[in-house]
Amino acid sequence: MRGWPRRSLISRGVLLLAAAMAVIPGGAAKAAPPDNLPQWLSGRSGDFNGDGLDDLITFTRGPEADVWVALNGGGGFGPAEKWHDNFAAGTETPLVGDFNGDGRDDIVTFTCGSGIWVALNIRLPRLQPAVRTFGVAERWSDSLGCSNYVVGDFNGDGRDDIAYVGSFGGGTSVALSTGAGFGAAAEWNAYVPGAPIEAGDVDGDGMDDLVGFDVAGNVWVAPSRWYWTSRTGLVRYFDGPFLRYRLEPATSDHRTDLVGDFDGDGRDDFADVRQLPDGSADVAVMLSDGTGFVPGAPLTTLALGSALFGVGKFYAPGRDDLVMYTGVYSTADTRVFTARSVTLAPPFPTGVGFLPPEQRSDYFAVYHQVPMGATFCCGHG
Ligand SMILES: [Ca+2]
Ligand SMILES: [Ca+2]
Ligand SMILES: [Ca+2]
Ligand SMILES: [Ca+2]
């Protein structure tokens, strides 16, 4: 089907199935996350053809090291196409970003020992019609360490940068993109604002900030700031981190918090997804007012609580929606759903919620692959 590497996926899946499956209360079978991810991994979806709508991407990792893209055709995602056949091999960590600022997203992989590699989104003009794909991977930086990375445009120049988040006791460093490489990493904050950490411009000043979610339900924001003096020159840093919201402690083992602009006002918000034992999920949106977050009721209940959740602009440019990958943790399902963000007005409860999930692909991001955007956290499958 569609040229997918089904044979190897199936054999790998069968081998791993017995070891990975566990049963949580309520009887829903849950499986482990993909092999050897960092403690957490979170990234946005990518727009690979530059039309303003986010597309699907998944990294097989492992020996195949393939990268598959399904372009967003508006009403659904098109067929999966292989955009790279040697990227993020083994247990490398892949993410997505526009590292050269041309308006089309590229891919990055963190090898943990042999550098940070980027494959730019390129056009093959000699082919008619022109083909868009990822080019050869190039080494953009030495490895900064084997811990967690976040992609975002932290200085607001239109090119995505890399934040490296140290483990316990470490700080947060940034390596800015030059458009052809990542510069030397500089420490931007002596602290780490929880885990997972996601990038988003919550105050709407054009520079991505860090948003961290800790196990106690605290939501921390470390806004990107800069100052200039004749003595120091230009200095960039993450301020805080400031406590910007307190969530109730999670009542289930599975909770995913996702940063995105769900009301389309230019400031990133977050969605708190509580994945319940009965297989559903309650989703609440907290809207950024520039200085903090306010609840954007009502609660939306989605029927796909055991899926892997992510964020992307799937329906309209400039406004984030949810994506749910059912296959990443399951050998029995291969579908992808999206849930459109909507603003409700009287007579409904006012606020931002989501329409019921729509199936947009019947085969993408299958067992143990790593799709983006998505938030894997803290060993939860
Ligand atoms: Ca690009
Ligand atoms: Ca930048
Ligand atoms: Ca900002
Ligand atoms: Ca917003």
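Colleague: Where is Pro-356 found?

Modeller: This is a predicted model, so local features need pLDDT of at least 70 and side-chain atom pairs count only at pLDDT 80 or more, while totals for chains, interfaces and linings use all residues. Residues are numbered from 1 along each chain as its sequence is written, and chains are lettered from A and ligands numbered from 1 in the order in which they are written. Strands are DSSP runs of E, at least two residues, numbered from the N terminus. Pro-356 sits in the loop between strand 32 (351-354) and strand 33 (358-361).

Colleague: Is Pro-356 buried or exposed?

Modeller: Buried takes 20 or more other C-beta atoms within 10 Å of a residue's own, exposed takes 12 or fewer, and partly exposed is in between, with C-beta atoms placed from the backbone. Pro-356 has 12 C-beta neighbours inside 10 Å, so Pro-356 counts as exposed.

Colleague: Which residue in strand 8 is the bridge partner of Thr-93?

Modeller: Strand 7 and strand 8 (residues 106-110) run antiparallel and are joined by 5 bridges. In strand 8, Thr-93 has as its bridge partner Phe-110.

Terms used. Helix = DSSP H or I, 4+ residues; strand = E, 2+ residues; numbered from the N terminus. Pairing = 2+ DSSP bridges.
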